[in-house]
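Here is a short report on one protein model. Please keep the sequence and the structure in view while reading.

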Amino acid sequence: MARLDQVITNVVDIFLEYADDGGKKHRLNKEELMKVLDIEIQSPELKGAINADDIEEAMKMMDKNQDGEVTFHEFCRCISNLAKSYYNKKTGKDKRGKSKEQEAEQEN
Ligand SMILES: [Ca+2]
Ligand SMILES: [Ca+2]
């Protein structure tokens, strides 16, 4: 499989694998989210970026509508933010002290 094929199918497959484990289907509850972050993210930097070691904080960050569950939409937004923060780090963008709003404007 090509690399982007892999990335996209992985995001969906990983989400469903954990989300359908217990509780509601297609939703990550706190325990399921904890497992995803524990097992599927190993880079200390990425773990740090989403507070993976503090499940309450990670949940707060990912669960945008605060209904106690992470939907695929919320999961994708988080993955995309992680990708952006890695991109910014790699390209040195985060060192110029731009605000988040400015970055969003440039990328949209
Ligand atoms: Ca579930
Ligand atoms: Ca939610």
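His26 is exposed, with 11 other C-beta atoms within 10 Å. A residue is exposed at 12 or fewer such neighbours, buried at 20 or more and partly exposed in between, with C-beta atoms placed from the backbone. His26 lies in the loop between H1 and H2. Its phi is near 60 degrees, a positive value in a residue other than glycine.

Gln66 is found in the loop between H4 and H5. Gln66 is not a glycine, yet has a positive phi of about 50 degrees. Gln66 is exposed, with 8 other C-beta atoms within 10 Å. Most residues other than glycine have a negative phi.

## Basis of the model

This is a predicted model: local features need pLDDT of at least 70, side-chain atom pairs count only at pLDDT 80 or more, and totals for chains, interfaces and linings use all residues. Residues are numbered from 1 along each chain as its sequence is written, while chains are lettered from A and ligands numbered from 1 in the order in which they are written.

## Overall make-up

The protein chain has 6 helices and 0 strands. Helices are DSSP runs (H or I, at least four residues) and strands are E runs of at least two, numbered from the N terminus. Of the 108 residues, 16% count as buried.

The UniProt record, an unreviewed entry, annotates residues 50-85 as "domain: EF-hand". UniProt positions follow the numbering used here, feature names are shortened, and annotations may be inferred rather than shown by experiment. Residues 50-85 are 61% helix and 0% strand, and the end C-alpha atoms are 11 Å apart.

## The H2–H4 crossing

The axes of H2 (residues 30-40) and H4 (residues 55-62) come within 10 Å and cross at roughly 100 degrees. The two helices are therefore roughly perpendicular (65 to 115 degrees). H2 contributes Lys30, Leu33, Met34 and Leu37 to the contact, and H4 contributes Ile55, Ala58, Met59 and Met62. Contact here means C-beta atoms, placed from the backbone, within 7 Å. These residues divide into 7 nonpolar, no polar and 1 charged.

## The nonpolar core

The largest nonpolar core has 15 residues. Such a core is a set of buried Ala, Val, Leu, Ile, Met, Phe, Trp, Tyr and Cys residues joined through C-beta atoms within 7 Å. Leu28, Leu33, Leu37, Ala58 and Met62 have the most contacts inside this core. H1 (3-19), H2, H4 and H5 (72-91) each supply at least two of its residues.

Met62 touches Leu33, Val70, Glu74 and Cys78, not counting residues up to four places away in sequence.

Terms used
Axes are lines fitted to C-alpha atoms, for helices over the stretch in contact, and angles run from 0 to 180 degrees between N-to-C directions. Angles under 35 degrees count as roughly parallel, over 145 as roughly antiparallel, 65 to 115 as roughly perpendicular and the rest as oblique. Two residues are in contact if their C-beta atoms, placed from the backbone, lie within 7 Å. Ala, Val, Leu, Ile, Met, Phe, Trp, Tyr, Cys and Pro count as nonpolar, Asp, Glu, Lys and Arg as charged, and the others, Gly among them, as polar.
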